[in-house]
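Subject: Structure handover

Hi,

My notes on it follow below.

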Protein chains: 2
Amino acid sequence: MALAQKGLAFESIPWRFTDKAAIAFSGQGNVPVLVDGDDVIHDSWEIARHLEAAYPERPSLFGGPVGRALSRFVANWVDAVVHPGIARLILLDIHDHLAEGDKAYFRQSREARYGKTLEQIVADRDSGVVEFRKTLSPLRRTLDRQSYVAGESPAFADYLVFGAFQWARAISPFPVLDTDDPITRWRGRLLDAFDGLAGKAPGYYR
Amino acid sequence: MALAQKGLAFESIPWRFTDKAAIAFSGQGNVPVLVDGDDVIHDSWEIARHLEAAYPERPSLFGGPVGRALSRFVANWVDAVVHPGIARLILLDIHDHLAEGDKAYFRQSREARYGKTLEQIVADRDSGVVEFRKTLSPLRRTLDRQSYVAGESPAFADYLVFGAFQWARAISPFPVLDTDDPITRWRGRLLDAFDGLAGKAPGYYR
């Protein structure tokens, strides 16, 4: 989404969970990794900073230093509230989509982290999702008043939040959002943005 | 804090909880109310917008449109998480500080809202504060990486969050924050900002 907002052409490479060899050149083992000419950058925040610094004449991802600092707050809110909240609902679906060789590692590492089996973690998700949706109140109230997190048009703060929902949509049929939620309508606008870039990605629902 | 950042001289008028007559000229019953020449503005968000529009040549409260939009998200997070979280810890202290004539209204309206007595609401606050501090994780992670919510110097997003802690500090001896918390150190920097404006306000602790 950040590359598309900047109007930069890019090629994306499909990647599997434990295929560390494919990104070993980046000096670490996590995606996303961006290769931009001679620059190799990992971590979505660092990638956004690189794009903003390298292409300052193109539409801004942060809207200036205050916007960048506050985008950091949004990123931390997503990491503390949205990602773990969604994970608890869809962990078993993620497992079921993994390549056979990745499943054992995923089950073992996640069950150790939660102290429960994957099946136990998602067992109460029909009630859990109600609680999860309540934690999204700051986002919902914001989108009641403006079209995007970043205001009248989307910017990096939007993609930070949207990425969590795109992850859920790609890997699980479970409805993490209610259809009648301002957050769902905002998600729809971002699925349509940049010639429908995100909407074209495979998903269980629009 | 916003007036101080803009470098505007102001007079503040002490006000009691139910003294609606004193602000009736604003056409409603809540503080804050700002009188700026012929303009009368209420609601802290609207006051900040007014100051930013009326004094654009002075230090910016929002850092541009994206910063303003993201400050709205911060405001909504404070309203959804920080204010109710603090209120549950200090409601009885607030009551005890009110003028005698205001106490009955406060007790009645709050007990109706929570479905409990004030004494019951705060009874478990020693354990409740541990949970409250966990909900501040997005703020804590942000202040681990930058001096202020808005980046290298404070702006309106900081005052939105700080206001909640200043409220707690003014009305209750109960420590809503741990002394060894990046949030406490940030609060200290804001108590010192603008010649110690906020630090000079009466409080139970620094």
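Start with a loop. A:Asp43 sits between strand S2 (39–42) and helix H2 (44–54) of chain A. Its phi is near 85°, a positive value in a residue other than glycine. A:Asp43 is partly exposed, with a relative accessible area of 37%. Keep in mind that this is a predicted model.

A:Phe194 also has a positive phi without being glycine, here near 55°. This residue lies within helix H9 (residues 182–196) of chain A. A:Phe194 is partly exposed, at 28% relative accessible area. For background, most residues other than glycine have a negative phi, and most peptide bonds are trans.

In chain A, the bond from A:Val31 to A:Pro32 is cis, with omega near 0°. A:Pro32 belongs to the loop between helix H1 (2–5) and strand S1 (33–36) of chain A. In chain B, the bond from B:Val31 to B:Pro32 is cis, again with omega near 0°. B:Pro32 is in the loop that runs between helix H1 (2–5) and strand S1 (33–36) of chain B.

**Interface**

How many residues of chain A are in contact with chain B? There are 26, and they meet 26 residues of chain B. Chain A and chain B bury about 2300 Å² between them. Carbon and sulfur atoms carry 67% of that area. Between chain A and chain B, four residue pairs are in polar contact, counting pairs with both residues at pLDDT 80 or more. Two elements of chain A give two or more residues to the side that touches chain B: helix H3 (65–97) and helix H7 (137–145). H3(A) gives the most, with 13 residues. By class, this side of chain A has 14 nonpolar, eight polar and four charged residues. What is the salt-bridge count between chain A and chain B? That count is zero.

**Core**

The largest nonpolar core has 118 residues. Which of them touch the most other members? They are A:Phe165, A:Trp186, B:Phe165 and B:Trp186. Take A:Phe165 as the example. Leaving out residues up to four places away in sequence, A:Phe165 touches A:Val82, A:Ile86, A:Phe132, A:Leu136, A:Leu139, A:Val176, A:Leu177, A:Ile183, A:Trp186 and A:Arg187. As a general point, nonpolar side chains tend to be buried together in soluble globular proteins.

**Salt bridges**

Over all chains, the whole structure has 24 salt bridges. One of them pairs A:Arg125 with A:Asp93, with the closest N and O atoms 2.9 Å apart. A:Arg125 lies in helix H6 (residues 125–135) of chain A and A:Asp93 in helix H3 of chain A, so this pair ties together parts that are 32 residues apart in sequence. Is A:Asp93 buried or exposed? Its relative accessibility is 14%, so A:Asp93 counts as buried.

Now look at the chain B residue with that number. B:Asp93 is in helix H3 (residues 65–97) of chain B. B:Asp93 is buried, with a relative accessible area of 13%. Beyond four places in sequence, B:Asp93 touches B:Arg125, B:Ile171, B:Ser172, B:Pro173 and B:Phe174.

Next is the salt bridge between the side chains of A:Arg140 and A:Asp181, at 2.9 Å from N to O. This pair links distant parts of the chain, 41 residues apart. A:Arg140 is in helix H7 of chain A, while A:Asp181 is in the loop between helix H8 (156–171) and H9 of chain A. A:Asp181 counts as buried, because its relative accessibility is 4%.

In chain B, the side chains of B:Arg140 and B:Asp181 meet in a salt bridge, also 2.9 Å from N to O. Here too the pair links distant parts of the chain, 41 residues apart. B:Arg140 is in helix H7 (residues 137–145) of chain B. B:Asp181 is in the loop between helix H8 (156–171) and helix H9 (182–200) of chain B. At 4% relative accessibility, B:Asp181 falls in the buried class.

There is also a network. A:Arg107, A:Glu111 and A:Glu119 are joined into one by salt bridges that share partners.

Best wishes

How values were computed. Residues numbered from 1 in each chain as written. Chains lettered and ligands numbered in written order. Predicted model: local features only at pLDDT ≥ 70, side-chain atom pairs only at ≥ 80, totals over all residues. Heavy atoms only, no water. Contact = heavy atoms within 4.5 Å. Buried area = accessible area lost by both parts, 1.4 Å probe. Salt bridge = Lys/Arg side-chain N within 4 Å of Asp/Glu carboxyl O. Polar contact = N/O pair within 3.5 Å; in protein donor to acceptor, adjacent residues only side chain to side chain. Helix = DSSP H or I, 4+ residues; strand = E, 2+ residues; numbered from the N terminus. Nonpolar A, V, L, I, M, F, W, Y, C, P; charged D, E, K, R; others polar. Core = buried A, V, L, I, M, F, W, Y, C linked by side-chain atoms within 4.5 Å. Buried < 20%, exposed > 50% of the residue type's maximum accessible area, 1.4 Å probe, protein only.
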